[in-house]
Structures are given as structure tokens and as C-alpha cells.
Amino acid sequence: MVVHQPSPTGGRRVTERGNILGLAHSDEDVVEFLRRAGLPDAEDLLDDPAWAKWRSGRAHEYEAS
């Protein structure tokens, strides 16, 4: 999963293998996208570099710079 850089209006696009899962405005949004994709324990994956790649900006921050 890739959590992309914050957008100018806030939020971060989340993709999995090139498929857009949604625009997250919080960790809860990312967890929900992953739950819908079939990963019930997604909150445990947010800080696992084998699962989550945070691009540009700090992990867990969703506001525009």
C-alpha cells in the first residue's frame, strides 16, 4: 500500500498495486480502505514498512503543507 503525499487541499491518496483505494484524511480512513480490501487488522499495518509506504511528508499527517 502507498499513502501518497498530502494534496494541496488536504488528504492523501491511498493506492494498492496501482488501484486507488480512496482519499484519506486520517489513519482511520486508511484502516477502513484496507478493511474493505480484505485486511481486517489493518491498523497494525500502518507502521509496518513491509505493508505501508508513506510518500513525501510525515507518516500519519494528512494536512496540506
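This is a predicted model: local features need pLDDT of at least 70, side-chain atom pairs count only at pLDDT 80 or more; totals for chains, interfaces and linings use all residues.
## The E2–E3 turn

Two residues sit between the strands here, and arginine 17 takes a positive phi near 50°. The strands on either side, E2 (residues 12-16) and E3 (residues 19-24), pair in the antiparallel sense over five bridges. One spot to look at is valine 14, whose bridge partner in E3 is glycine 22.

E1 (residues 2-6) runs antiparallel to E2, and three bridges join the two. Within that pairing, valine 2 stands opposite threonine 15 of E2.

## The whole sheet

Where does the parallel part come from? It's E1 and E4, which run parallel and are joined by two bridges. Valine 3 has tryptophan 54 as its bridge partner in E4.

As a rule, nonpolar side chains in soluble globular proteins tend to be buried together. In this model, the largest nonpolar core has 13 residues, and the members touching the most others are Met1, Val14, Ala24 and Val30. Helix H1 (residues 27-36) gives the largest share of this core, with four residues.

Which residues does valine 30 contact, once its neighbours within four places in sequence are set aside? The list is Met1, Val14, Ala24, Leu46 and Tyr62. Val14, one of those contacts, is also the residue bridged to glycine 22 in the sheet.

## One cavity

How many cavities of 30 Å³ or more does the structure hold? There's one, and the largest cavity has about 30 Å³ of space in it.

Its lining is made up of Met1, Glu16, Leu34, Leu39, Leu45 and Trp51. By type, that's five nonpolar residues, no polar ones and one charged. Met1 is a name to remember here: this residue lines the largest cavity, is in contact with valine 30, and is among the members of the largest nonpolar core that touch the most others.

Terms used:
Residues are numbered from 1 along each chain as its sequence is written. Side-chain values use heavy atoms; hydrogens and water are left out. A nonpolar core is a set of buried Ala, Val, Leu, Ile, Met, Phe, Trp, Tyr and Cys residues joined through side-chain atoms within 4.5 Å. Buried means under 20% relative accessible area, exposed over 50%, partly exposed in between (1.4 Å probe, protein chains only). Contact means heavy atoms within 4.5 Å. Two strands pair if DSSP finds at least two bridges between them. On a 1 Å grid over the protein atoms alone, a cavity is a set of points where a 1.4 Å probe fits but cannot get out, and a pocket is an open set with protein on both sides within 12 Å along at least five of seven lines; lining residues have an atom within 4 Å of a point. Grid points are joined across faces, edges and corners, and a volume is the space filled by probe spheres set on the points. Ala, Val, Leu, Ile, Met, Phe, Trp, Tyr, Cys and Pro count as nonpolar, Asp, Glu, Lys and Arg as charged, and the others, Gly among them, as polar.
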